[in-house]
Amino acid sequence: MNGGLYIHIPFCAAKCAYCSFNSIPAEKNSPLIKRYFEALKLEIGRSDGGEAASVYFGGGTPSFAGAELLADTLLAVRTKYFVPPETEITVEVNPGTAGKDFFRKMKEAGVNRISLGMQSSDDATLKYLGRLHTNSDTENCLSEARAAGIENIGLDLIYGIPGQSMRDIEKEAAKLLSLAPQHISTYCLSIDEGTGMFERVHKGELPELSEDLAADMYYLLKDRFSVKYSHYELSNYSLPGRESRHNEIYWNYNDYIGFGAGAASKRGSRRMSNESGPEKYMELIKRNDSAILFEESLTEETQLKETVFLGLRLLRGIDLAGWKTRFGKDFLFLFEKQFEKLAGLGLLEQKDGFIKLTREGLFLSNEVFVEFV
Amino acid sequence: MDASRVRNFCIIAHIDHGKSTLADRILEQTHAIASRNMKAQLLDSMDLERERGITIKAKAVRLNYHAKDGSDYVFNLIDTPGHVDFTYEVSKTLYAAEGALLVVDASQGVEAQTLANLHLALDANLTIIPVINKIDLPSAQPEKAQEQLVELGFLPEESILASAKEGIGIQEILEAVIKKVPPPKSDQTAPLRALVFDSVYDVYRGVIVFFRVKEGVIKKGDRILMMRTANEFEVLEVGVFTPEMQPADSLSAGEVGYLIANIKNVSEVKVGDTVTLATNPAAEPLPGYKEVKPMVFCGFYPVIPNEYGILKDALDRLKLNDAALLFEPESSSALGFGYRCGFLGLLHMEIIQERLEREYNIDMIATSPNVRFRVINNAGEELEVDNPAKLPDPGSIQKILEPFIKAQIIMPPDFIGPIMELCQGKRGIYKNTQYVTANRVLISYELPLSEVVFDFYDRLKSLSKGYASFDYEYLDFRESDLVKMDILVAGEPVDALSFVVHKEKAYYKGRELVTKLREIIPRQMFEVAIQASIGNKIVARETIAPLRKNVIAKCYGGDITRKRKLLEKQKEGKKRMKKVGRVDLPQEAFLAILKITD
């Protein structure tokens, strides 16, 4: 089967204060990590194979596992899947977990894109978030990757952190631009239940950032980055041609296969996801054919809904002609009522054959999406 | 039946003092356990009942008791309604008996309902047997409870120490019933007069009427007349619950039982009415009948308009078994079509609301409760208004009257200060203070009911740390300086948010309510003004800034199912809101007025 390949590496040196992703702290080079990669190889080896539209190592902190295990896994992928040259192969890296040697080995293995978890350029903020690195780690990491010949690099930025001001965001934007990455992802900090930060906000130890300030920050970043970069998805910016191909697979509602704990796959009208606990995942892989714990059949109605709320995340919006080819019906015929209402509220617009979020609609996108689910 | 061997009695108590446990224990001692060999038969009949869907709750049970004196007695244990809103029903039930067990929790002592029920029982001329229950508890202080009972006029040796849970004192109670409770008078020759004290609806048998024959005889086939409502029925069956239904040939003066007469609706049978024979009617009905009128009102509206029919069916069904529940269709410009419902009191309202939501699964908005106002207009005409939105134009009103209640509150003396402050804040008129014992004090207030429906009970409980107990009865209608407060959301008056308030409190309440609403109403896509007005005069205003953030600004990779579920959850939340004009109002908005403290 053809599609984007996602490989989940759930290990981190430590859990960040805000993190609600599927990740666990682990010892570097521990037997646990090695066993996990064995299971991954088994899972990849048992899959149907086909052509890879992209390969993405996400986490957790893939770089924390070290270059050898990642390269080894990529080899397992290549024995099962045809990975054409030029295929985007991304590894998520946390500053401080990767050096010269790591990037050289990754480059050799064929990795051509790095997503670097910078999160902030301010050391105090990084500490506050529970990150283990400093800004100079980020800068070193960036130059080592470039020196190794990996030229497609994305940087991640978190904003909306309690205590953060508009001036802080101005500084973050300027710093990020000075680093000249090919891609920028911005995430508004959400304080999710079960995280260390949630506990502290709940107890009143931390203030919650106002929604208005978060919105102001979002639009400030948009305006700063849009001078040089294309704002192509709600939270993502890129230089021309440097959009994240792997993530575009999700937004365009194409197929993908996930490997590892908690990873999700979509094949046509079926979606499934693996057991998310790493130990349990390994156990299931050892005992059974797969670690799939959840599987759903997507009705046409669900597929329509999902195509809308994923497609509208892209700033270009939903291509009306493309929609008709795909589903055989006019978008506006199916969703006239919703469109009228949302256009009336100034959240959605039709322009040049596309239905898309307005500028105001971007940070209110859930208001739009709920109308379609 | 030999009336001298009959004893009719009931159990009265403050809530949770152990009334039901004692009743269960008495049932065990007199029936189920004594006749072990009957058990199989009983079970069979219960299975049959279950199969046919009959789950009739017996309101009176006939029990056979073999006493220490060697004789066999027949007991009729009559169930009394459990809470304060049903004072009238309780009093009618008491009239069906000659005696009452007054149960007092050994650790809690005498409470407000203990007193209220005791007074009702004394009014009904009942012989009272005080029972100090739960003596097995480590916190039990039976001697203190006894002291309190002595203060109430009982002799120290009269109180029976018991633990219904442990089966202690049950025999002694049953013997006391025989010795102290007088047998019923039995005039079988007079024309029939039977007191209706309760009724239940059963799907298969229709209405089952519970009654006490005061004079004469009633039998199957009799044509009966309900003297207050003038309804006539033919008796299809008379009988007693033992606790299974057991038909009898006839029931005569002094006996308690049930009748079935093809009655379709409990509303056709009024509690307190007198049953007589249509062919040979009694000259006078039994005294003390009252038409029960609802005192508290609120609107019920389905959140989804097309569930209106479901709401109506549900109310119809509840009404089958609840004569006190009144409802009529009503439309609100804000909420659409719904029902204005009348209740005996707040608790009654809560019970109905909960049953509609739980048993019938109706997503609905309940507007804040209000009382019935009596308006005298300039032409001198009197009209009753049970919905604040329908109060006539202030210019046409000569005066407004509102119902007052007499409240009795019992508590440890430490709480007198705060509780009196609460009552004063509720426009209460202080009547008196009375020490029940050194550490139990009773204060009486006259209060406007409209103030009691707004957050009185909860505050009473919190101010007294749960130690105060409360009982009330209706007094009369009194003139008050009342005004109607309207609430405008985004410039539109929301009729369902209107309320009637005393002029002195109007500004404060208006201000507090708009502040509360600003917290409760979620931010919308546009700025929303919330205003409180009296007539055309705006007295308070708050503004809700437009919504600016609602986004999943985070990648969950390929876990799109999770994203979709998050969105579906948000949509569900939106659905539960009521769109009024352009604004989505959550259900809490309609009850916000209840959250304002005086």
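How many residues of chain A are in contact with how many residues of chain B? In this predicted model, 34 residues of chain A are in contact with 21 residues of chain B.

**Where the chains meet**

- Several elements of chain A give two or more residues to the side that touches chain B, and the helices among them are helix 8 (211-225), helix 9 (245-251), helix 11 (300-311) and helix 16 (365-369).
- The strands of chain A that do so are strand 9 (183-188), strand 12 (256-259), strand 13 (264-267) and strand 14 (270-274).
- Sorted by class, this side of chain A holds 17 nonpolar, 9 polar and 8 charged residues.

**Chain A as a whole**

- Chain A contains 16 helices and 18 strands.
- Its radius of gyration is 21 Å, close to the 21 Å that the globule rule gives for 373 residues, so chain A is as compact as a globular protein of that length.
- Of the 373 residues in chain A, 47% are buried.
- Taking the contacts in chain A between residues at least 6 apart in sequence, 70% join residues at least 24 apart.

**Chain B as a whole**

- The secondary structure of chain B consists of 13 helices and 34 strands.
- For 598 residues, a compact globule would have a radius of gyration near 25 Å, and the 27 Å of chain B agrees with this.
- A box of roughly 85 × 70 × 55 Å, taken along the principal axes, is filled by the C-alpha atoms of chain B.
- Buried residues come to 46% of the 598 in chain B.
- Among contacts in chain B with a separation of 6 or more, 72% are between residues 24 or more positions apart.

**A helix pair in chain A**

- Helix 2 (residues 67-80) of chain A packs with helix 3 (residues 100-109) of chain A at an angle of about 5°, and their axes are 9 Å apart.
- Angles under 35 degrees count as roughly parallel, and helix 2 and helix 3 of chain A are therefore roughly parallel to each other.
- On the helix 2 side of chain A, the residues that meet helix 3 are A:Ala67, A:Leu70, A:Ala71 and A:Leu74.
- Their partners in helix 3 of chain A are A:Asp101, A:Phe102, A:Lys105, A:Met106 and A:Ala109.
- This contact of helix 2 with helix 3 of chain A has 7 nonpolar, no polar and 2 charged residues.
- An α-helix has 3.6 residues a turn, so residues three or four places apart point the same way.

**Helix 11 of chain A and A:Gly311**

- Helix 11 of chain A has 12 residues and reaches 16 Å from its first C-alpha to its last, close to the 16 Å expected at 1.5 Å a residue.
- The buried residues of helix 11 are A:Glu306, A:Val308, A:Phe309 and A:Gly311.
- Those buried residues pack against helix 9, strand 16 (318-319) and helix 16 of chain A, and also against helix 13 (560-575) of chain B.
- A:Gly311, placed in helix 11 of chain A, counts as buried because it has 21 C-beta neighbours inside 10 Å, where the cut-off is 20 or more.
- Neighbours within four places in sequence aside, A:Gly311 is in contact with A:Trp251, A:Tyr253 and A:Ile318.
- A:Tyr250 is 61 residues from A:Gly311 along the chain, and their C-alpha atoms are separated by 8.9 Å.

Note on methods. Residues numbered from 1 in each chain as written. Chains lettered and ligands numbered in written order. Predicted model: local features only at pLDDT ≥ 70, side-chain atom pairs only at ≥ 80, totals over all residues. Contact = placed C-beta atoms within 7 Å. Helix = DSSP H or I, 4+ residues; strand = E, 2+ residues; numbered from the N terminus. Nonpolar A, V, L, I, M, F, W, Y, C, P; charged D, E, K, R; others polar. Rg over C-alpha atoms; globule rule 2.2 N^0.38 Å. Buried ≥ 20, exposed ≤ 12 C-beta atoms within 10 Å, placed from the backbone. Axes fitted to C-alpha atoms, helices over the stretch in contact; angles between N-to-C directions. Parallel < 35°, antiparallel > 145°, perpendicular 65-115°, else oblique. Expected span 1.5 Å × (residues − 1).
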